[in-house]
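Reader: I would like to learn how to read a structure file one feature at a time. Please give the general idea first, then the case at hand.

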Amino acid sequence: MAPALLTAVDSTSHIHLIIGSNPLAGARCTRSIEVGAKPLLVAPEDANLHYGLTKRIDEGEVQWLKRDFRDEDLTSLGRDEVDNVVDAVFVTLGGKHPLSTHISTLCRKLRIPVNVADAPNLCTFTLLSTHSDGPLQIGVTTSGKGCKLSAR
């Protein structure tokens, strides 16, 4: 595997589509908010939401679309300035869920960055483990091969 191209993305006002309702979905929403993006959560109305997600939804920081994922979400929920295409997709369902492969394939065709939990082969990007101190940010990556290792 070739080394990854490490970049820093200004995500201010970007739309991040987050699929799932587990604690990882909550963490992805939190991170999106921290970087200035607007997280849109897609999960069925009867989903068991992580308490952190419920709090962020109640506070208006996360918009919850109470339904299953639809293919057209990728090209209809984004910002006007990019013809309503979402800026990034985070699938927290895990790599073995059939929807994960489907969403990854659609995102690749549309050139939308996609990250699928526990499935590096379905991702077009991974998140670095970071340390921040004011404007200084230091990131470590294992290119999706050992997230816990990079966090340490």
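Reader: Which residue takes a positive phi in the hairpin of strand 6 and strand 7?

Author: Strands here are DSSP runs of E with at least two residues, helices are runs of H or I with at least four, and both are numbered from the N terminus. Glycine 134 takes a positive phi near 65° in this hairpin, which has 2 residues between the strands. This is a predicted model, in which local features need pLDDT of at least 70 and side-chain atom pairs count only at pLDDT 80 or more, while totals for chains, interfaces and linings use all residues. Residues are numbered from 1 along each chain as its sequence is written, and side-chain values use heavy atoms, with hydrogens and water left out.

Reader: How many bridges join strand 6 to strand 7?

Author: In general, strands of a sheet pair through backbone hydrogen bonds, either parallel or antiparallel. Two strands count as paired if DSSP finds at least two bridges between them. Strand 6 (residues 129–133) and strand 7 (residues 136–140) run antiparallel and are joined by 5 bridges. Serine 132 stands opposite glutamine 137 of strand 7.

Reader: What is the order of the strands in the open sheet?

Author: The open sheet has 5 strands in the order 3-2-1-4-5, with parallel pairing. Strand 3 (63–66) and strand 5 (114–116) are its edge strands, each pairing on one side only. On average, neighbouring strands of this sheet are turned by 20° against each other, direction ignored. Axes for such angles are lines fitted to C-alpha atoms, for helices over the stretch in contact, and angles run from 0 to 180 degrees between N-to-C directions.

Reader: Which strands does helix 1 touch?

Author: Contact means heavy atoms within 4.5 Å. Helix 1 (residues 23–34) packs on the sheet and touches strand 1 (15–19), strand 2 (38–43), strand 4 and strand 5. The direction of helix 1 makes about 175° with that of strand 1. Serine 21 is in the loop between strand 1 and helix 1. Neighbours within four places in sequence aside, serine 21 is in contact with Ala43, Ala47, Asn48, Leu49, His50, Leu53 and Thr92.

Reader: Is serine 21 buried or exposed?

Author: Buried means under 20% relative accessible area, exposed over 50%, and partly exposed in between, with a 1.4 Å probe and protein chains only. Serine 21 has 17% relative accessibility, so serine 21 counts as buried. Across the protein, buried residues make up 38% of the 152 residues.

Reader: How many aromatic pairs does a search of the whole structure find?

Author: A pair of aromatic rings is described by the distance of the centres and the angle of the planes. Rings of Phe, Tyr and Trp (its six-membered ring) pair if their centres lie within 6.5 Å; planes under 30 degrees apart count as stacked, over 60 as edge-to-face and the rest as tilted. The search finds 1 pair. This pair is phenylalanine 90 with phenylalanine 125, edge-to-face at 5.6 Å centre to centre and 85° between the planes. Phenylalanine 90 lies in strand 4 and phenylalanine 125 in the loop between strand 5 and strand 6, so the pair ties together parts 35 residues apart in sequence.

Reader: What is the relative accessibility of phenylalanine 90, and what is that of phenylalanine 125?

Author: Phenylalanine 90 is at 6% and counts as buried, whereas phenylalanine 125 is at 22% and counts as partly exposed. Phenylalanine 90 also has a bridge partner in strand 5, asparagine 115. Strand 4 (residues 88–91) pairs with strand 5 in the parallel sense over 3 bridges.
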